[in-house]
Amino acid sequence: MAATFPIPDHELEFRASRSGGPGGQHVNTSSTRVEVRWNVRTSATLATPDRDLLLAKLATKIDGEGWIRVVASDSRSQLRNKEAARERLENLIGRALVVPKRRRATKIPKGVKVRRLEQKRHRSGVKRDRQRPPDD
């Protein structure tokens, strides 16, 4: 399960528009596509290090004013699309805030190296013994 970052309602901006997705006879008149916007730069829920991390990791998804935008038009219901867009935004932010563990370099034990080289020597001997003897 992906990490989520809860965003307060008052910081989100929702906008509905006509969807190009599934629909019936009234598909051209109902606005079911939902776009949710959230400003990373002005958000009060983010600490400064988290804000800097988001601005760096999601730089391609954030516009010049700091807005990040997610769209949902999967369903014929505006409410379900609104919930889906919000969930996608929270998942996106949650995944971006996860800092991966630093890899610690480890040394290969000497015994492992010795066994590997011994196996190579043995295998090369087996293959050498299969060869036809040279003609003198």
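Two residues are in contact when they have heavy atoms within 4.5 Å of each other. With that in hand, here is a friendly tour of this predicted model, in which local features need pLDDT of at least 70, side-chain atom pairs count only at pLDDT 80 or more, and totals for chains, interfaces and linings use all residues. Residues are numbered from 1 along each chain as its sequence is written, and side-chain values use heavy atoms, with hydrogens and water left out.

- L92 sits in helix α2, which spans residues 78-97; helices here are DSSP runs of H or I with at least four residues, strands are runs of E with at least two, and both are numbered from the N terminus.
- L92 counts as buried because its relative accessibility is 13%, where buried means under 20% relative accessible area, exposed means over 50% and partly exposed lies in between (1.4 Å probe, protein chains only).
- Which residues does L92 touch, not counting those up to four places away in sequence? They are L58, K61, I68 and V70.
- Neighbours within four places in sequence aside, I93 is in contact with F5, I7, W38, L54, L58 and I68.

**The nonpolar core**

- The largest nonpolar core holds 19 residues, and those with the most contacts inside it are W38, L54, L58, I68, L89 and I93.
- At least two residues of this core come from each of β2 (33-39), β3 (67-72) and α2.
- Helix α2 gives the largest share of this core, six residues.
- Such a core is a set of buried Ala, Val, Leu, Ile, Met, Phe, Trp, Tyr and Cys residues joined through side-chain atoms within 4.5 Å.
- In soluble globular proteins, nonpolar side chains tend to be buried together.

**How α1 meets α2**

- The axes of helix α1 (residues 48-57) and α2 come within 9 Å and cross at roughly 105°; axes are lines fitted to C-alpha atoms, for helices over the stretch in contact, and angles run from 0 to 180 degrees between N-to-C directions.
- The two helices, α1 and α2, are therefore roughly perpendicular to each other, a label for angles of 65 to 115 degrees.
- From α1, the residues D50, L53, L54 and K57 meet I93, R95, A96 and L97 of α2.
- By class, this contact of α1 with α2 has five nonpolar, no polar and three charged residues.

**S75 in a loop**

- S75 is found in the loop between β3 and α2, and at 15% relative accessibility S75 counts as buried.
- A polar atom of the S75 side chain lies 3.0 Å from the backbone nitrogen of S77.
- Beyond residues up to four places away in sequence, S75 touches T32, R80 and N81.

**R130 in helix α3**

- Is R130 buried or exposed? R130, in helix α3 (residues 110-130), is exposed, with a relative accessible area of 59%.
- The C-alpha atoms of R130 and K107, 23 residues apart along the chain, are separated by 36 Å.

Conventions
A polar contact is a pair of N or O atoms within 3.5 Å; within protein, one must be able to donate a hydrogen and the other to accept it, and residues adjacent in sequence count only if both atoms are side-chain atoms. Angles under 35 degrees count as roughly parallel, over 145 as roughly antiparallel, 65 to 115 as roughly perpendicular and the rest as oblique. Ala, Val, Leu, Ile, Met, Phe, Trp, Tyr, Cys and Pro count as nonpolar, Asp, Glu, Lys and Arg as charged, and the others, Gly among them, as polar.
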